[in-house]
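The following paragraphs lead through selected features of a protein structure. Please keep the sequence and the coordinates in view while reading.

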Amino acid sequence: MRRREVLVGVTGLAALGGGALAAGGWTPLESGDAVDPIELETIDAPGSTAGTASVPERGRVTFVELFATWCTVCESQMEPLAAVHETVDDEVQFVSATSEPVGNTITRADIATWWRDHDGNWPVALDSDLELTEALDASGVPYAFVLDEANAVTWSGRGRKSADEIRSAIDAAGGG
């Protein structure tokens with residue numbers, strides 16, 4: 001393929017994407033944007049009981065991580081998450097959520113087993129209808145967010161993050 005054809009193709013895709021954004025009214029979530037609480041199903045797994053959780057929980061700093069069991073980066077992220085979880089108190093809501101299609105390619109038991117095998121010990125939830133993922137404007141996994149007591153996003157990060165980076169973001173939001 002010649003350079004000119006590549007440039008024309010890329011320009012066309014950019015125009016198409018820009019038109020879709022304009023038509024859909026999509027604007028990326030920015031730091032400071034508040035998120036309404038969403039009820040998520042929680043799974044019976046280490047550190048988590050079956051039931052529901054409101055995420056984010058108004059009145060508490062919230063750390064939420066979106067993950068998938070098939071994601072190798074998510075797997076490697078479990079160690080720093082566990083290190084941070086051990087240092088936060090009950091003033092911080094700490095939760096991980098997956099939007100994997102439970103009942104299709106994975107079961108709740110599969111998620112609980114993965115959680116146990118990777119030393120998860122905090123609430124794990126299902127974002128089955130992508131409501132939380134969409135509210136946070138997340139694209140991909142792992143994606144982590146810190147929200148303050150008013151449910152405003154104060155920090156977000158995609159990919160692998162260090163325990164120090166996550167803890168600093170929680171502290172900065174008032175979850176120290």
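Which residue of strand 6 is the bridge partner of Leu66? The bridge partner of Leu66 in that strand is Tyr143. The structure is a predicted model, in which local features require pLDDT of at least 70 and side-chain atom pairs count only at pLDDT 80 or more, while totals for chains, interfaces and linings use all residues. Residues are numbered from 1 along each chain as its sequence is written, and side-chain values use heavy atoms, with hydrogens and water left out.

Strands (E, at least two residues) and helices (H or I, at least four) are DSSP runs, numbered from the N terminus. Two strands are said to pair if DSSP finds at least two bridges between them. On this basis strand 6 pairs with strand 3 in the antiparallel sense, over 5 bridges. Strand 6 is also joined to strand 7 (residues 153–158) by 5 bridges, again antiparallel; here Val146 has Trp155 as its bridge partner. In the hairpin of strand 6 and strand 7, 5 residues lie between the strands, and Asn151 takes a positive phi near 70°.

Strand 6 (residues 143–147) is largely enclosed by the rest of the structure, because 5 of its 5 residues are buried. Buried means under 20% relative accessible area, exposed over 50%, and partly exposed in between, with a 1.4 Å probe and protein chains only. Tyr143, Phe145 and Leu147 are buried on one side of strand 6, and Ala144 and Val146 on the other, so that both faces are covered.

Helix 2 (residues 72–87) bends by about 35° at Met78, and Pro80 follows within four residues. The bend at a residue is the angle between axes fitted to the seven residues ending there and the seven starting there. Met78 and Pro80 are among the buried residues of helix 2, which also include Cys74, Gln77 and Leu81. The cover over these buried residues includes strand 3 (61–67), strand 4 (92–98), helix 3 (108–117) and helix 5 (163–172), where contact means heavy atoms within 4.5 Å.

Cys74 is buried at a relative accessible area of 1%, and Cys71 is buried at 6%. A search of the whole structure finds 0 disulfides, a disulfide being a pair of cysteine sulfur atoms within 2.5 Å.

Thr133 belongs to helix 4 (residues 131–135) and counts as buried, at 15% relative accessibility. Beyond its neighbours within four places in sequence, Thr133 is in contact with Leu66, Ser99, Asp127 and Ala138.
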